Amino acid sequence: MNFDTINTKYYFTRGDDNAHVLLKFLENDRRVRETVKGREYRIRAEFTKPNGTHGIHVGNCFIFNRKSSNLSLIDERGCPTDPSLITRFIPAAEGNYAEAIMLDMVRFPDDSEVHLQCDVIQCNGRCVEDEDCSQVALAGAGGGGFTKGSGLGRKVGPNEEGSTIAGTTVFVVDPDKAPLIAGNCDEGIRPAWLLWLTITLGVLFLIMLLMNIFLCTAMSCSCANTEGVRLDFDSLSQIKQIIEIDIKSNNREN
């Protein structure tokens, strides 16, 4: 596998989540930002706001790092330059995304950070996919694939509306460091039992809080009733004393 070094301006797309087209690596239907060299991953290019009337075509994909090392994956026609490394992007039936299989994740010798960039074409309806990629495989076996000036350029479809540059960034680690990779949190809390444990503890805390409020309210009412009874007894004692004084006064007069 040959890594070329050229003086080309690349687009670093760390804020790709806000783009019109999203490019991401998937493993077991979950997005990953840390990958393992040699493993298989799915690469998905999808519209962030699909309207159901557009198709998608992905081409001219390559990976590179900040030291300008680069490797072409998909030529401008949408054909893989090395079929043993990646497949072509296949559009979904609904047309809002396309996926390719990265058969062997690549890592640059001098950098673990890898940037992927692709041209994503939007079509009014399903994009025309009539390119014969078998010619690319033959050319790749003898000379490293096609370039834009190779004479086998891409056919422009009649319903194409424009293209967008999409990109994403992942980190690639060696297989011996694979157990250190944690799951991505973009898809929710994992493992699932941790989520249910948190919900259960929250419900128990709420029940205990309601019980404490009920007990405090009951004790307050009980204290208020006791104070009222004590006041009533004091009033009766005062009335009794007044009556006794009146009786003594009457006895003296008699």
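How many cavities of 30 Å³ or more does the structure hold? I found one, taking a cavity as a set of points, on a 1 Å grid over the protein atoms alone, where a 1.4 Å probe fits but cannot get out, and a volume as the space filled by probe spheres set on the points, with grid points joined across faces, edges and corners.

I noted that this is a predicted model, in which local features need pLDDT of at least 70 and side-chain atom pairs count only at pLDDT 80 or more, while totals for chains, interfaces and linings use all residues. Residues are numbered from 1 along each chain as its sequence is written, and side-chain values use heavy atoms, without hydrogens and water.

I then looked up the lining (residues with an atom within 4 Å of a point) of the largest cavity, whose volume is about 30 Å³. Among the lining residues are Ile 56, His 57, Val 58, Arg 88 and Glu 129, and strand β6 (residues 54–64) gives the most, with three residues; strands here are DSSP runs of E, at least two residues long, and helices are runs of H or I, at least four, numbered from the N terminus.

Six bridges join β5 (residues 41–47) to β9 (residues 97–102), and Glu 46 stands opposite Tyr 97 in β9.

Last, I checked residues 193–215, which the unreviewed UniProt entry annotates as "transmembrane region", an annotation that may be inferred rather than shown by experiment. The chain there is 100% helix and 0% strand, with the end C-alpha atoms 33 Å apart.

Definitions and conventions. 1 Å grid on protein atoms, 1.4 Å probe; cavity = no way out; pocket = protein on both sides within 12 Å on 5 of 7 lines; lining within 4 Å. Pairing = 2+ DSSP bridges.
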